[in-house]
Amino acid sequence: MPTKKYNIDLTVNEIERLDNILKANFSKRVKMRAEILLRINDEQPYRHISKMLGASQNTITNTLNRYLDGGIDYVIIARNKPI
């Protein structure tokens with residue numbers, strides 16, 4: 001049984017936006033969420049993402065669920081304000 005549960009298909013604009021977040025001066029938490037989405041988009045299994053980023057599988061699942069519920073703006077939130 002595969003360890004990856006969902007696949008997302010980020011648009012080119014979403015990928016660019018997430019790449020820019022990784023390069024800019026954002027909190028570690030925001031950068032972690034961006035990296036998680038990029039790796040899920042690349043179809044990496046959750047276990048691999050967890051080991052590479054030091055994030056729990058719950059963090060990965062929660063990040064994915066937030067993306068599925070409301071897109072990137074819903075995932076990348078700092079104190080209830082979209083970045």
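This is a predicted model: local features need pLDDT of at least 70, side-chain atom pairs count only at pLDDT 80 or more; totals for chains, interfaces and linings use all residues.
In soluble globular proteins, nonpolar side chains tend to be buried together.

When its neighbours within four places in sequence are left aside, Tyr-67 is in contact with Ile-8, Leu-10, Glu-14, Leu-37, Ile-72 and Val-75.

The protein chain as a whole contains four helices and two strands. Read from the N terminus, the order of these elements is α-α-α-α-β-β. The chain has 83 residues, of which 34% count as buried. Among contacts in the chain with a separation of 6 or more, 51% are between residues 24 or more positions apart.

The packing of two helices was then described. Helix H3 spans residues 46-53 and helix H4 residues 57-75; they pack at an angle of about 115°, and their axes are 9 Å apart. Angles of 65 to 115 degrees count as roughly perpendicular, and H3 and H4 are therefore roughly perpendicular to each other. Their crossing is right-handed. On the H3 side, the contact is made by Tyr-46, Arg-47, Ile-49 and Ser-50, and on the H4 side by Gln-57, Ile-60, Thr-61 and Leu-64. By residue class, this contact consists of four nonpolar, three polar and one charged.

A further residue, Ile-15, is located in helix H1. Its relative accessibility is 27%, so Ile-15 counts as partly exposed; the buried class requires a value under 20%. Not counting residues up to four places away in sequence, Ile-15 touches Leu-10, Leu-38 and Asn-41. Ile-15 and Asn-41 are separated by 26 residues in sequence, while their C-alpha atoms are 9.0 Å apart in space.

Terms used. Residues are numbered from 1 along each chain as its sequence is written. Side-chain values use heavy atoms; hydrogens and water are left out. Axes are lines fitted to C-alpha atoms, for helices over the stretch in contact, and angles run from 0 to 180 degrees between N-to-C directions. Angles under 35 degrees count as roughly parallel, over 145 as roughly antiparallel, 65 to 115 as roughly perpendicular and the rest as oblique. A crossing is left-handed if the near helix is turned anticlockwise from the far one by less than a right angle, and right-handed if clockwise. Contact means heavy atoms within 4.5 Å. Ala, Val, Leu, Ile, Met, Phe, Trp, Tyr, Cys and Pro count as nonpolar, Asp, Glu, Lys and Arg as charged, and the others, Gly among them, as polar. Buried means under 20% relative accessible area, exposed over 50%, partly exposed in between (1.4 Å probe, protein chains only).
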